[in-house]
Amino acid sequence: MSKKPLQERLQTASRKWGLTQMESIYEKENCAVFGGESAKYGAVILKIGRDAASSTSEFLALSEMKEKACCQAYEFDGENALLLEERISPGTALKEEADWENRAVVFSQVFDNIHVAPKDETRYKSYLHWVKAASRSVQDHKNKQLADGMCCAVDIAVKMFEKYPERVLLHGDLHHENIVKSASGNYVVIDPKGVVGPSIFDVPRFLLNELDDREDSLEKIHINRMIEKLSRLLGFPAVDIYQLFFMEVMLENAWLYEDGEEIWEKNINFAWFLAPGYSF
């Protein structure tokens, strides 16, 4: 974690890259996102990372995905965890698309065009590493459904890594707000985490963001139809997508716990509610 205050690092980036009109988009603890202007690049996004490792992973991922439907990385300062990126305009997020089938189609199109083989796999963590590390952090959690669920999540991840031998550079957070519309009307991907694994591991985060405040029975109908739709569009067996959805719900809540935030017990309960439809 960077020891320098956010404002100090913001000032460093502004001086270094000639940034003006900086406005806060997101701030939390020791990380932030600002929008602004650059004399060299025009409209930009400045990301101030929590630590050099995560910022480096994102910069490397953007650099390797630059020929894909992804925003561009302009400048990088690893010491201060600063990343200057292209700002996509108008930047309308996929979540604004009201029709669920259209959302699925757009997601599948982006999914089919984003993945590349990493130039050096050792520069990135694997999705399996993420899941195993998160599982260790919640084994003593008072919510037994989360602790047990993360044990199942590890089993699922191991099984999927064995079933799908491909190793591609994953986005790692491919959800509705990270798929945005550009001025050309095409959708572009932002904010990759930079992680390695089988391409199917980029599916469940999208499904996680399809959860709403419906009753469980209605939620189950929606997630079932979305999984079946994605299975047809992407060519993955529905049963594999179901299992990875369960894994992702547990993983998300393990991360919330690690960050000291309240877990989403409703989502945990729902994942277990859905679980009888498949086996681990």
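Which residue, with a positive phi, follows α7? The legends below belong to a predicted model, and they start with that spot.

**View 1. Helix α7 and the glycine that follows it.** In this view, α7 is followed by Gly235, which has a positive phi, near 85 degrees. The helix itself covers residues 216-234, 19 residues in total. From first C-alpha to last, α7 reaches 26 Å, close to the 27 Å expected at 1.5 Å a residue.

**View 2. The buried residues of α7 and what covers them.** Look here for Glu219, His222, Ile223, Met226, Ile227, Lys229, Leu230, Ser231 and Leu234, the buried residues of α7. Their cover includes α3 (100-114), α6 (204-208), α8 and α9. Two of those helices, α8 and α9, come back in the next view as a pair in contact.

**View 3. Helices α8 and α9 side by side.** Helix α9 spans residues 265-274, and its axis comes within 10 Å of that of α8, with a crossing of roughly 160 degrees. Angles over 145 degrees count as roughly antiparallel, so that is the word for α8 and α9. The crossing of α8 past α9 is left-handed. On the α8 side, the contact is made by Tyr242, Phe245, Phe246, Val249, Met250 and Asn253. Their partners on α9 are Asn267, Ile268, Phe270, Ala271, Trp272 and Leu274. By class, this contact has 10 nonpolar residues, two polar and no charged.

View 4. Gly149 sits in α5, which runs over residues 144-163. Is Gly149 buried or exposed? Its relative accessibility is 0%, so Gly149 counts as buried. Leaving aside residues up to four places away in sequence, Gly149 touches Lys144, Phe246, Met250 and Trp272. The C-alpha of Ile268 is 8.3 Å from that of Gly149, although 119 residues along the chain separate the two.

**View 5. Helix α4 crossing helix α8.** Here α4 (residues 127-137) meets α8 (residues 238-258), their axes coming within 9 Å and crossing at roughly 55 degrees. That angle makes the two helices oblique to each other, and α4 passes α8 in a left-handed crossing. From α4, the residues in contact are Tyr127, Trp130, Val131, Ala133, Ala134 and Ser137. From α8 come Met247, Glu248, Leu251, Ala254, Trp255, Tyr257 and Glu258. Sorted by class, this contact has 10 nonpolar residues, one polar and two charged.

Methods:
Residues are numbered from 1 along each chain as its sequence is written. This is a predicted model: local features need pLDDT of at least 70, side-chain atom pairs count only at pLDDT 80 or more; totals for chains, interfaces and linings use all residues. Side-chain values use heavy atoms; hydrogens and water are left out. Axes are lines fitted to C-alpha atoms, for helices over the stretch in contact, and angles run from 0 to 180 degrees between N-to-C directions. Helices (H or I, at least four residues) and strands (E, at least two) are DSSP runs, numbered from the N terminus. Angles under 35 degrees count as roughly parallel, over 145 as roughly antiparallel, 65 to 115 as roughly perpendicular and the rest as oblique. A crossing is left-handed if the near helix is turned anticlockwise from the far one by less than a right angle, and right-handed if clockwise. Contact means heavy atoms within 4.5 Å. Ala, Val, Leu, Ile, Met, Phe, Trp, Tyr, Cys and Pro count as nonpolar, Asp, Glu, Lys and Arg as charged, and the others, Gly among them, as polar. The expected span of a helix is 1.5 Å times one less than its number of residues. Buried means under 20% relative accessible area, exposed over 50%, partly exposed in between (1.4 Å probe, protein chains only).
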